[in-house]
Amino acid sequence: MDTLTFLSGKRLPEIVNGNLSMPQSIRCTIIRGGTSKGIYLRDVDLPRDPVMREKTILEIFGSPDKRQIDGLGGADPLTSKVCIIGPPPKNQKNAQDADISYTFGQVEIDQPSVDFRSLCGNLTSGVGAFAVWENMVEIEEPITTVRIYNTNLDRMLITEVPVKNGRPIEFGDYQIPGVPGSGAKILVDFADTAGSSAGALLPTGNAMERLEVPGVGTIDVSIVDIGNAHVFVRAADLGMTGTETASEIDSNMELCLKLEKIRAHAGAVMGMIDDPDSAAKDSPATPFVAMIAPPQDYKDIIGSRLVNANECDFLSRLMFMQQMHKTYAGTSTVCTGVASRIPGTIVNEACRPDTQGRLEVRFGHPAGVIETESEVKLEGNEYVVKRATLGRTARKIMEGQVFVS
């Protein structure tokens, strides 16, 4: 930085190919929502052209680069996420009565791509808080309900944000495994997202399918679609206990390859993926695949404590972007909880039988125990989701300007 720049505090024009080039600045906010961290942008501040918009987002994050050293990305799938917030669209059936619109993007780290096919449930809690911070909704105390139209799934999400003096409350005693400290509880209901990715809560019409997966063999799976589409398998069918850590799973290349083959093949079965061989490239995030096991004692690596089997109704380990999730995704939490309430699924099979009349479902993941409220009712020949909630906390970390060329 030269003396003039230092004294003025302003970024000066640069010389590029003999011409003056002024870097552009874009308003941004960094919010930790649940166990993820995202860059929140206003729709109006981004280019209208889809190609230029994606190029701008990649530059903001510093992708493609495995360290994302030249941008705001954290070189981890859980921190390489963008949330684009704007007004609700007009004349959109599923956006009626929405307060805002929300588009989520999973930003690839070492590839020049942003995946807009999925939804981040954790960061949805931050979307509600962002709307309050930005005065995009009518604020009510002590709880402001924000109706969010999600463009990824063409569905409505409902968040309840605790508010005081016109601003989101960030301090409280609600704790999330995988997040230090505590905060104010933000409730997100995903019930309206059932079937949004693959057309039905049970995309194949069955609670369990027996698939012939090339390179894997015959395996039982349960395919459930709420929040995001998920494929559930028994951990035991893959030679696992269900208590494995991220390092144990990620270092087992044979296991990771099998899981990706199962994910890709199930994605093709439900019509989400055209070619299973190119699933990692064409649809790296969805569907998710999770490994389910009955309750057991296990070590919480992040919290360095023993999780007792009686704290959980079952266990799950989740793959996300071809890596094991270090905690558990928000949409996966509601999908896994809902799956536990549907008779005949692999999750229901592993779940403690005495929990079926209870609204709350608790299951163990690598960083502790997560809880969700799940209510599913059989209406005629179909299961209908009445409630699928996720309790999260959110905190604004930074707001300011990010520079792009």
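Are F288 and F320 buried or exposed? Both of them are buried, where buried means under 20% relative accessible area, exposed over 50% and partly exposed in between (1.4 Å probe, protein chains only).

A quick note before going on: this is a predicted model, where local features need pLDDT of at least 70, side-chain atom pairs count only at pLDDT 80 or more, and totals for chains, interfaces and linings use all residues. Residues are numbered from 1 along each chain as its sequence is written, and side-chain values use heavy atoms, with hydrogens and water left out.

**Exercise 1.** Work out how the rings of Y40 and F130 are arranged.

- Step 1: Start with the rule: rings of Phe, Tyr and Trp (its six-membered ring) pair if their centres lie within 6.5 Å, and planes under 30 degrees apart count as stacked, over 60 as edge-to-face and the rest as tilted.
- Step 2: A search of the whole structure turns up four aromatic pairs.
- Step 3: For Y40 and F130, the centres are 5.9 Å apart and the planes sit at 25°, so this pair is stacked.
- Step 4: Now check burial: Y40 has 1% relative accessibility and counts as buried, and F130 is buried too, at 2%.

**Exercise 2.** Find the charge over W133.

- Step 1: A charge sits over a ring if NZ of Lys or CZ of Arg is within 6 Å of the ring centre and within 35 degrees of the ring normal.
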